[in-house]
Amino acid sequence: MVVGNYYRVTNKRSNCLFYLMKNPLNKKEEEAYLKKLGERLRYFRKKKHSNYEYFAYEIGMSRTQYGAYENGRNIQFSTLLNLLKALDVSIEEFFAEGFN
């Protein structure tokens with residue numbers, strides 16, 4: 001059954017209800033958005049700090065983890081919000097450029 005932009009699927013055996021997106025992003029689209037997220041993180045981090053290793057240390061995150069986010073690794077929304085707070089950047093400012 002279609003509900004809005006989702007397919008409603010019920011697993012009769014376990015009586016679970018799932019909603020699947022009708023038009024999810026393909027892998028290339030997802031990677032492009034993650035790359036843009038990383039570029040924006042790098043841009044704002046460079047405005048405030050000299051290097052990513054120092055910034056990662058300052059916020060209590062491993063440098064490899066933070067570096068992975070700047071390089072386009074998938075990031076949880078809550079992690080993104082915490083990084084934006086540490087960078088003193090609003091969500092509106094972060095997404096103002098590069099995300100049409």
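Predicted model: local features only at pLDDT ≥ 70, side-chain atom pairs only at ≥ 80, totals over all residues.
**Entry 1: salt bridges**

I searched for salt bridges and the count comes to 3. The rule I used asks for a side-chain nitrogen of Lys or Arg within 4 Å of a carboxyl oxygen of Asp or Glu. Residues are numbered from 1 along each chain as its sequence is written, and side-chain values use heavy atoms, with hydrogens and water left out.

I looked at Glu97 and Arg40. Their side chains meet in a salt bridge at 3.8 Å, N to O. The pair links distant parts of the chain, with Glu97 in the segment after α5 and Arg40 in helix α1, 57 residues apart. Helices here are DSSP runs (H or I, at least four residues), numbered from the N terminus. Is Arg40 buried or exposed? Arg40 counts as buried, at 11% relative accessibility. Glu97 is exposed, with a relative accessible area of 54%. My cut-offs: buried is under 20% relative accessible area, exposed is over 50%, and partly exposed lies in between (1.4 Å probe, protein chains only).

**Entry 2: the Glu70 network**

I found Arg42, Arg45 and Glu70 linked in a network of salt bridges. Arg42 meets Glu70 at 3.2 Å, N to O. That pair joins helix α1 to helix α3, 28 residues apart. Arg45 meets Glu70 at 2.8 Å, N to O. Arg45 lies in α1 and Glu70 in α3, so this pair ties together parts that are 25 residues apart in sequence. I checked accessibility next. Glu70 is buried at 5%. Arg45 is buried at 4%. Arg42 is partly exposed at 25%.

**Entry 3: helix α1**

Which residues of α1 are buried? I listed Leu34, Leu37, Gly38, Arg40, Leu41, Phe44 and Arg45. They cover an arc of only 160 degrees around the axis, which puts them on the same side of α1. The arc is taken from the directions from the helix axis to the C-beta atoms. The face turned away from the buried side carries exposed Lys28, Lys35, Lys46 and Lys47. What covers the buried residues includes α2 (52–59), α3 (63–70), α4 (77–87) and α5 (91–94).

At the start of α1, I saw a side-chain oxygen of Asn26 reach to within 3.0 Å of the backbone nitrogen of Lys28.

**Entry 4: Thr79**

I looked up Thr79 in helix α4. Thr79 counts as buried, at 16% relative accessibility. Leaving aside neighbours within four places in sequence, Thr79 is in contact (heavy atoms within 4.5 Å) with Met61 and Tyr69.

**Entry 5: aromatic pairs**

I searched the whole structure and got 4 aromatic pairs. Rings of Phe, Tyr and Trp (its six-membered ring) pair if their centres lie within 6.5 Å; planes under 30 degrees apart are stacked, over 60 edge-to-face, the rest tilted.

Phe55 and Tyr66 are edge-to-face, at 5.1 Å centre to centre and 70 degrees between the planes. Phe55 sits in α2 and Tyr66 in α3, 11 residues apart. Both are buried. Phe94 and Phe95 have ring centres 5.0 Å apart and planes at 90 degrees, so that pair is edge-to-face. Phe94 is buried at 0%, whereas Phe95 is partly exposed at 31%. Ring pairs link Tyr43, Phe44, Phe94 and Phe95 into a cluster.

Notes
Helix = DSSP H or I, 4+ residues; strand = E, 2+ residues; numbered from the N terminus. Polar contact = N/O pair within 3.5 Å; in protein donor to acceptor, adjacent residues only side chain to side chain.
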